Amino acid sequence: MLLFVSVSSKAKIKGLEKIDRLFNTYANSSLGMIDPEGIEALCSDLGVDYTDVRILMLAWKLKAEKQGYFTQDEWQTGLKALGVDSLSKLKKALSDLEKEVEKPSNYEDFYTYAFRYCLTEEKQKSVDIESICELLNLVLGVQFRPQIDSLIEYLKVQNDYKVINSDQWINFLRFCKEISFPDLENYDATQAWPLILDNYVEWMREKHS
Amino acid sequence: MGCENIEFDQGWGEMEKGIEKLKRILAGEKETPFTSREYMTLYTTIYNMCNQKAPHDYSEQLYDKYKKTLDEYITSIVLPSLKDKHDEFMLRELVERWLNHKIMVKWLTRFFHYLDRYFIIQKSVPALNEVGTTCFLNLVYEDVHPTVQDIVLSLIDKEREGDQIDRALLKNALEIFVEMGLGQMNRYQDDFEARFLQETTNYYSRKASKWIEEDSCPDYLLKSEECLKKEVDRVSSYLHSSSETKLIKKVQHELLVVYVNQLLEKEDSGIKVLFRDDKVDDLSRTYRVYNKISQGLDLVANVFKQHVTIEGTAFVQQAEEATSNQASNTPGGHEQVLVKNILELHDNYMTYLNSCFQNHNLFQKALKEAFEVFCNKTVNGSPSAEILASFADHILRKGGSEKLSDEVIEETLEKVVKLLQYVIDKDVFAEFYRKKLARRLLFDRGTNDDHERSILSKLKQQFGAPLTSKMEGMVTDVVLAKEHQSSFQEYLRNNPDVHPGLDFTVTVLTTGFWPSYKWFDLSLPSEMVKCVKVFKGFYETKTKHRKLTWIFSLGTSHINGKFEPKPIELIVSTHQAAVLLLFNASERLSYSEIVAQLNLAHDDLIRLLHSLSCAKYKILNKEPSSKSISQSDSFKFNPNFTDKMRRIKVPLPPVDERKKVIEDVDKDRPYAIDAAIVRIMKSRKVITHQQLISETIEQLSRMFKPNIKAIKKRIEDLITRDYMERDRDNSHMFRYLA
């Protein structure tokens, strides 16, 4: 009995060892975590661009708290959840990860996470327009290209808002999912849509009249 | 049993005797009525024939014979009698024949009664009574009813045109229609009522189109009332009661609904004329008549609303034109007149509301909506809220243009408060009122405290404390200031060495209550500097932790001007005094020298210098003596200045505060919206977007009307500040975050 325990725990330790070794490859030793430089290195080893949405998905899977950093805990938990302990396995896991995120049950969670991930300062509640545009493009661009392009155009020309809060963010997704495009026929400004979307729809309707 | 069976023919022979007798009675021939014995015999014959053993039970044959008897009677006697009769005569004959038929059926049913007890139930065939009616229906009614309908309708038409007709006849004739329905109303409805209603509609449509052209509104209404009365009477006289509702509705529609606008808007006699000529009876009639029509009052209330709106708007236009046509000597004189007119309008129509329209809420609503239209117009750049505040200010000033009695003042103030309910931007009114109140309290010595407090309490009652709390504080401040002044005088008496040598009064204002005033870093004349210092010393003996900020622009100074002709006392603002006192030390000062010494901004200084050198009283001489101040001018004391009075007030025209008031109010509104939203969220915890919007608007309605975009913006802000959040699953619900 004792033998079994020690064997399985040895196996566990061995598995964890590989994950930790991988961690140390990219970690900043003085910080004790992977920093932006490390992530860049990881990206190039994985063969994806730094700005690729799959890295964001990885951060989501790791439940990373701080943008640009992975702690050891996050790394361990995340890679265990992915079931990988080597770079090649991680590479393969990335494409599976895409499918996992796209599942309706996960997608909203990922979408909300993407916004939170951008709140880099303590007590920060909103994200600046420029970053939001990039994020929208990254996260929703593929699935809702026409809406996102138009929305980004508007966000850049309007003056009412310099930042976007989480409520507005979540409603962008709802907008893409629920409102018919480009006619916007079923949009009703008397309903609970955020004002920024009311303004966007007004702008669109004026443009096309 | 031993009784012998009655043969059919034999038994029937007996019956025939009775039947023939009956026919003779019906024909009016001399005959004795049926005796009990005769009746019993007939009844028993039937009874026996039905109770015999087969094949001698003759129930079925008797049933058939019953029917045949009736059919045969109708065919041989009744139909011929109707054949060559027309019009009323035909009707009369029919009614008589029908009555007879009913009697016949009654008797025959009695004789053949036994069939009713068992046979009809056994065989599920109609009862004898029903058979009786059905015979008449099939053989007579089906044939003649179109003709009868024609005759009846033409008689009704005659009566409508004024002729007398035999109402009893019509009643009896129409009863036939009803009875032919065998318990249902369908024959009456299909064979008579439908066309009757149609012809009624046509009739009144024709009449209405004629009368609407020819008659005045009151006359038309009288005629309509008459017609309706007559139709109701018609129903009770000879129509079936079920026709009443349908009939009245049609008549009302043709006479009163179709032409309602044309009627009430008649140029020479319509509603507006009735109001103009105070025709209370006609107006009451209008209400009475339309009250009986479903949604009829809506129509009248609508015309009423339009009429009031037009009247009110005309007053507004008048004021607008009058002010732009002539430079008025009394500033705002036309706006005073406007408010007076609108108040009068309100009084008038409230009276009508009570006397003619039973204070019905439809009319209350119409009045309110009408007033809301023209009580929110801007006249010559001045928003209605400001106009109303100016009007109140005018009344409350000491010596408002007419010397009004206390009672009248109270009444008028009460009406002003009532009128305010129609103004949407009540917070704008409050701010203007507050500014003017400040001027009254500080400059208009002798304001009537009672009136001031009275209107504030009325405003508070109607619109809530937030509107008036600051103003109440202002009034209290001034009362307290008087007390303070006495203790200041005492302080001066007890400390004669610190007395500044001038008569000096200070009013201490609580910052939060009063409008915000621009602060000037004015360099005071040395005499005044002393006063300020002394008061500060006194004030610190009373309270330690308060900071005094001196607003000299609100002060007044009395200066003795030693002019050559005669000395004159000048009543000026403290700022003006500061300018004038400079000339005690220098004979001549350039504009820039004055600027340097007083430390005032150009706009303000120009105003001051203008009031002292280019306006009514030229206390200073300006070089060059042009009409306006420029920065290169210089000024000299004017020793030759004089006036017939010994004491004059040198006015300083106030800066136009309108823009600032509106700006300030706009700035405060988002906070008010925030507060309302938070209050609602706190008490509801969870609420839908629609409800939140409508409740917010309602809560704020006593002060102003927020637009939906503004509310949405505040919601967004409150979400960012974590006061509330959107529900995860229901995107149109919001949740309060404690």
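**Entry 1, chain A.** I started with helix 9 (residues 166-178) of chain A, where Glu178(A) and Arg174(A) both sit, four residues apart, about one turn of the helix. Helices here are DSSP runs of H or I with at least four residues, numbered from the N terminus. The model is predicted: local features need pLDDT of at least 70, side-chain atom pairs count only at pLDDT 80 or more, and totals for chains, interfaces and linings use all residues. Residues are numbered from 1 along each chain as its sequence is written, chains are lettered from A in the order in which they are written, and side-chain values use heavy atoms, without hydrogens and water.

I looked up the contact of this pair and found a salt bridge between the side chains of Glu178(A) and Arg174(A), at 3.4 Å, N to O. The term requires a side-chain nitrogen of Lys or Arg within 4 Å of a carboxyl oxygen of Asp or Glu.

I then checked accessibility, where buried means under 20% relative accessible area, exposed over 50%, and partly exposed in between (1.4 Å probe, protein chains only). Arg174(A) is buried at 18%, and Glu178(A) is partly exposed at 43%.

I noted a salt bridge from Glu214(B) to Lys210(B), 3.8 Å, N to O. Both lie in helix 8 (residues 186-214) of chain B, four residues apart, about one helical turn. Glu214(B) is exposed at 53%; Lys210(B) is partly exposed at 45%.

Asp393(B) and Arg397(B) form a salt bridge at 3.1 Å, N to O. I list Asp393(B) as buried, at 8%, and Arg397(B) as partly exposed, at 31%. I also recorded one network, in which salt bridges with shared partners join Glu159(B), Arg160(B), Arg167(B), Glu231(B), Asp233(B) and Arg234(B).

Terms used:
Helices (H or I, at least four residues) and strands (E, at least two) are DSSP runs, numbered from the N terminus.
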